Amino acid sequence: MDKKDVEKAVLKAGKKIIDHTPEPVKEKVEEKVKEKAKEKFVEKTEGKLQEKANEASEKLQETKEKNAQKVHGKGEDAKEKLQDVLLSVKDKLSDVKEAGENFQEKVSSSDDKEKSKNKRKIKGANQIKKATDIKSSTKIKSSNDIKSSTDLKTMGS
């Protein structure tokens, strides 16, 4: 006999006993049975709830650990990629700096050559005209002041 058959037999026997017992005893027995059934139900329910809560807690912990590993792994990957990018930017900037220095050297050396050839090519601050040096409108020649071909001296004269 397995457990279910035993439970059925006990239930049948319990029903027959209840049918043959006097009323005051029946009421007391019913109360006791109800209390015991209630206690058993509460115990089983609490046990099942506790078991399910434990399972959920374990699953949550496993998921948390997996996510932590994934995040840590991705963080390491991101760190490595960022370092690679920064190194490549550093290399490019050093190339740009070097090219700028070379360009500056070429410009300064060509300026030295130009200065030695023609020192007066670039005007200094003292060579720039001031406002007082610029002709006013009264000093500009009019059409009457311009010489014509008759005013020119010939070789024989």
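Colleague: How many helices and strands are there in the protein?

Modeller: There are two helices and zero strands. Helices (H or I, at least four residues) and strands (E, at least two) are DSSP runs, numbered from the N terminus. This is a predicted model, where local features need pLDDT of at least 70 and side-chain atom pairs count only at pLDDT 80 or more, while totals for chains, interfaces and linings use all residues. Residues are numbered from 1 along each chain as its sequence is written, and side-chain values use heavy atoms, with hydrogens and water left out.

Colleague: How do you know that the span of helix α1 agrees with its number of residues?

Modeller: The expected span is 1.5 Å times one less than the number of residues. Helix α1 (residues 3–20) has 18 residues and should therefore span 26 Å, and its end C-alpha atoms are 26 Å apart, which agrees.

Colleague: What makes you say that α1 is hardly covered?

Modeller: Among its 18 residues, the count of buried residues is zero. Buried means under 20% relative accessible area, exposed over 50%, and partly exposed in between (1.4 Å probe, protein chains only). Of the 157 residues of the protein, 1% count as buried.

Colleague: Why is Lys3 called exposed?

Modeller: Lys3 sits in helix α1. Its relative accessible area is 64%, and the cut-off is over 50%, so Lys3 is exposed.

Colleague: Why is Glu39 called partly exposed?

Modeller: Glu39 lies in helix α2 (residues 23–117). Its relative accessible area is 43%, between the 20% and 50% cut-offs, so Glu39 is partly exposed. Glu39 is one of the residues of a negative surface patch, including also Glu35 and Glu43.

Colleague: And what makes Val33 partly exposed?

Modeller: Val33, also in helix α2, has 48% relative accessibility and therefore counts as partly exposed. With Ile18, Val25 and Val29, Val33 forms a nonpolar surface patch of about 280 Å² accessible area together (Shrake-Rupley method, 1.4 Å probe; for residues, only the protein chains shown count as cover).

Note on methods:
Patches are made of residues with over 30% relative accessible area and no salt bridge: like charges are joined within 9 Å, nonpolar side chains (Val, Leu, Ile, Met, Phe, Trp, Tyr) within 5 Å. A salt bridge is a side-chain nitrogen of Lys or Arg within 4 Å of a carboxyl oxygen of Asp or Glu. Lys and Arg count as positive and Asp and Glu as negative; His and the chain ends are not counted. The place of a charge is taken as NZ of Lys, CZ of Arg, CG of Asp or CD of Glu.
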